[in-house]
Amino acid sequence: MLLEEIPVEIWLEIFRYLGTIDLYRAFYNLNTRINTILSHIHLYFDLNADDECSPLIIYAFEQQIYSLRLSSNAITVFYSVFTLTQFNNLSKLKLVDILSEQYDHITLELLTLKHLKYLDLTTSEKGGSYNCDQILKISTLKSCYLGFYYLDCLRFSMSASIFTPSLVECLIIKLLYVDDVYKFLLHMPKLKRLTVIGRSSKDGEENNSSILILPSLVCFRLIIRECGTWNFERLDSLLICFPKLNSFEFMNYGNDFRDDHWW
């Protein structure tokens with residue numbers, strides 16, 4: 001059997017085991033038939049700032065990239081050639097260690113992506129300014145991972161009363177202090193699954209549980225990332241906000257779980 005005679009189904013099965021860079025180097029422009037088959041597959045691309053071929057690969061597969069990963073050093077390379085608005089079919093985006101000066105521009109572009117369903121965004125910058133409103137305004141998002149563990153202050157420019165509710169149904173969020181999650185939950189009435197990772201709250205800080213109800217939340221994981229005493233009264237007031245909750249997992253590195261009577 002000649003290479004050109006291999007059935008499309010077999011080609012698609014072969015392509016499933018190859019990364020985007022390998023596909024480009026081994027098969028792109030091999031012949032017209034292979035290019036046609038390549039044009040019908042969904043691709044994941046992890047931009048390597050040190051790979052000179054990366055811009056060429058993105059040009060070749062621009063409309064087929066459904067999942068994209070960019071780290072802070074690769075973002076500068078990416079924006080020297082492209083913008084996120086060019087990727088009309090992008091449904092998953094991972095931004096690693098994004099800097100505050102990159103954040104505002106990128107999140108504004110995310111508002112224009114009509115198929116973005118999943119966002120993974122982390123930052124390791126201490127003291128940066130990140131406007132969280134921009135993420136909540138992405139109307140297509142269904143699932144979100146946010147890593148804000150190094151930020152001691154989250155910025156919201158709009159109040160919940162005038163904010164269009166987010167449609168996010170699954171949220172995993174890593175924060176410096178657990179109580180900061182209320183600022184997000186006030187905007188997420190459709191949330192069904194929630195994981196919160198962070199330290200126990202600042203001493204004397206009030207939470208907003210009295211004005212929060214999440215009627216659709218069914219699964220909640222809480223992970224406390226420090227040794228020490230956890231305020232279980234705060235947990236009690238939080239759980240009351242989830243009337244449909246049927247699954248709850250609690251991890252406390254301080255090993256203070258209270259007794260069975262409290263639970």
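Is phenylalanine 61 buried or exposed? At 1% relative accessibility, phenylalanine 61 counts as buried, where buried means under 20% relative accessible area, exposed over 50% and partly exposed anything in between (1.4 Å probe, protein chains only). The model here is a predicted one, so local features need pLDDT of at least 70 and side-chain atom pairs count only at pLDDT 80 or more, while totals for chains, interfaces and linings use all residues. Residues are numbered from 1 along each chain as its sequence is written, and side-chain values use heavy atoms, with hydrogens and water left out.

On to the aromatic rings. Rings of Phe, Tyr and Trp (its six-membered ring) pair if their centres lie within 6.5 Å; planes under 30 degrees apart are called stacked, over 60 edge-to-face, and the rest tilted. That rule gives a count of 15 aromatic pairs. One of them joins tyrosine 24 and phenylalanine 61 edge-to-face, with 6.4 Å from centre to centre and 85° between the planes. This pair ties together distant parts of the chain, as tyrosine 24 sits in helix α2 and phenylalanine 61 in helix α4 (residues 54-61), 37 residues apart. Helices (H or I, at least four residues) and strands (E, at least two) are DSSP runs, numbered from the N terminus. Tyrosine 24, at 19% relative accessibility, also counts as buried.

Tyrosine 59 and phenylalanine 82 make a tilted pair, because their ring centres are 4.9 Å apart and their planes meet at 55°. Here too distant parts of the chain are linked: tyrosine 59 belongs to helix α4, and phenylalanine 82 to the loop between α5 (72-79) and β3 (92-96), 23 residues apart. Phenylalanine 82 is buried, at 2% relative accessible area. Tyr59 and Phe82 also belong to one aromatic cluster, along with Phe78, Tyr79 and Phe87.

Tyrosine 17 is another story: with 63% relative accessibility it counts as exposed. Its place is the loop between α1 (8-15) and α2 (20-27). Arginine 16 lies over the face of the tyrosine 17 ring, 5.1 Å from the ring centre; for such a contact, NZ of Lys or CZ of Arg must be within 6 Å of the centre and within 35 degrees of the ring normal.

Then there are the cysteines. Searching the whole structure turns up zero disulfides, a disulfide being a pair of cysteine sulfur atoms within 2.5 Å. For cysteine 219, the closest cysteine sulfur is in cysteine 170, and at 8.4 Å that is too far for a bond. Cysteine 219 is buried at 12% relative accessible area, and cysteine 132 is buried at 0%.
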